[in-house]
Amino acid sequence: MTLIIDCHGHYTTAPEAHTAWREAQVAAFKAGKPAPAYPDISDDDIRDTIEKNQLKLLRERGADLTIFSPRASTMAPHVGDEAVSLEWARRCNDLIARVVGLYPETFVGVCMLPQSPKADLAGSIAELERCVNDLGFIGCNLNPDPGGGHFEHPPLTDRYWYPFYETMVALDVPAMIHVSGSCNHALHATGAYYIAADTIAFMQLIEGDLFKDFPTLRLIIPHGGGAVPYHWGRYRGLADMLKKPALASHLMNNVFFDTCVYHQPGVDLLARVIETKNILFGSEMVGAVRGIDPETGQYFDDTKRYVDALDVSEDQRHAIFEGNARRVFPRLDAILKGQGR
């Protein structure tokens, strides 16, 4: 029987005390004061937020396991300085670890990073190592634009990022390329900034030769790859104009897309254009789009329905739901084997 592994889940329902502490932390930074003590959050507080939300919906929709990370929109590396980001990242990642500890067969952790616009990647490297080695996490969310909507950082192929990639390779973990909240008022966070950043990341990868230097590096571009599958001919053509190899060998042994696309025609197109080996099931639940589609009467983010309805073989469906996730996240595969799954 196929395990339904959701590669893209965020703790969007974290306890109110956690969210309130973040507001107090930011206010203290602006006032030039130390952050207050972090609150005492009980296991029951965590159970209450998870069982009424993610766990309830997972069971209703027929999924088995979520690769779980802190809420993307509140990672906010552009807020405060590196010290603020470091403490916030640790609090968020430790909270994810507690969720995993309470529900080890349903959630597995992926960490956010203490990135900051003026910081190097040393703090992010240390936090990734802590989360993987000490907390048992299986990957990370890497923000290509820590400035929050101005794209002032070098492209993902720049050597600025290489120390972090070296750590990823040494730990054998992938990264989901995921921006956070937008401080650019021209870019709506989930409707514009996220999708634009996904598309920008893919084009940056085309222009470089990152995977010549890191042939085992694995990157997941979420939200169905942004605009990339819809404009696949454009990107194949641009690769050709830039004298790069065909995308199949240039990028697609290392780059993967999820199914966080909220209607059937979009997922159908994704599966027609992109090879099955590069698609991982994801829902981003509970996430950016939470309502019911009036055209179908079903939740927009119930993406399992769309994959169930794909005109693909059962082997392909198994790969999308389970096989590809176990291959892209080898530490997940080891955890599942240890659980007899």
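Predicted model: local features only at pLDDT ≥ 70, side-chain atom pairs only at ≥ 80, totals over all residues.
**Pockets**

- The largest pocket has a volume of about 350 Å³, and helix 7 gives the most to its lining, with 4 residues.
- By class, the lining of the largest pocket consists of 12 nonpolar residues, 7 polar residues and 1 charged residue.
- The second largest pocket has a volume of about 200 Å³ and is lined by 14 residues, of which Y11, A14, H18, R71 and T74 lie nearest its centre.
- At least two residues of the lining of the second largest pocket come from helix 1 (16–30), and at least two from helix 4 (82–102), while the lining by class holds 7 nonpolar, 4 polar and 3 charged residues.

**Cavities**

- The model has 5 cavities of 30 Å³ or more, and the largest cavity has a volume of about 70 Å³.
- Among the residues that line the largest cavity are D6, L57, L58, R61, F281, D301, D302 and K304, and the lining divides into 5 nonpolar, 2 polar and 5 charged residues.
- The second largest cavity holds about 60 Å³ of space, and its lining includes C7, H8, G9, H10, C140, N141 and F329.
- Strand 1, strand 2 and strand 4 (140–142) are the elements that give two or more residues to the lining of the second largest cavity, with strand 1 giving the most, 4 residues.
- The lining of the second largest cavity has 6 nonpolar and 5 polar residues, but no charged residues.

**Helix 3**

- Helix 3 gives the most to the lining of the largest cavity, with 3 residues.
- Within helix 3 (residues 54–61), the buried residues are Q54, L55, L57, L58 and R61.
- Because these buried residues fall within an arc of 165° when seen down the axis of helix 3, they line one face of the helix.
- The face of helix 3 turned away from the buried side carries R59 and E60, which are exposed.
- The cover over the buried residues of helix 3 includes strand 1 (5–11), helix 2 (43–51), strand 2 (65–70), strand 3 (107–109) and helix 12 (304–308).
- Following helix 3 comes G62, which has a positive phi, near 85°.

Conventions: Residues numbered from 1 in each chain as written. Heavy atoms only, no water. 1 Å grid on protein atoms, 1.4 Å probe; cavity = no way out; pocket = protein on both sides within 12 Å on 5 of 7 lines; lining within 4 Å. Points joined across faces, edges and corners; volume = space filled by probe spheres on them. Nonpolar A, V, L, I, M, F, W, Y, C, P; charged D, E, K, R; others polar. Buried < 20%, exposed > 50% of the residue type's maximum accessible area, 1.4 Å probe, protein only. Arc of directions from axis to C-beta. Contact = heavy atoms within 4.5 Å.
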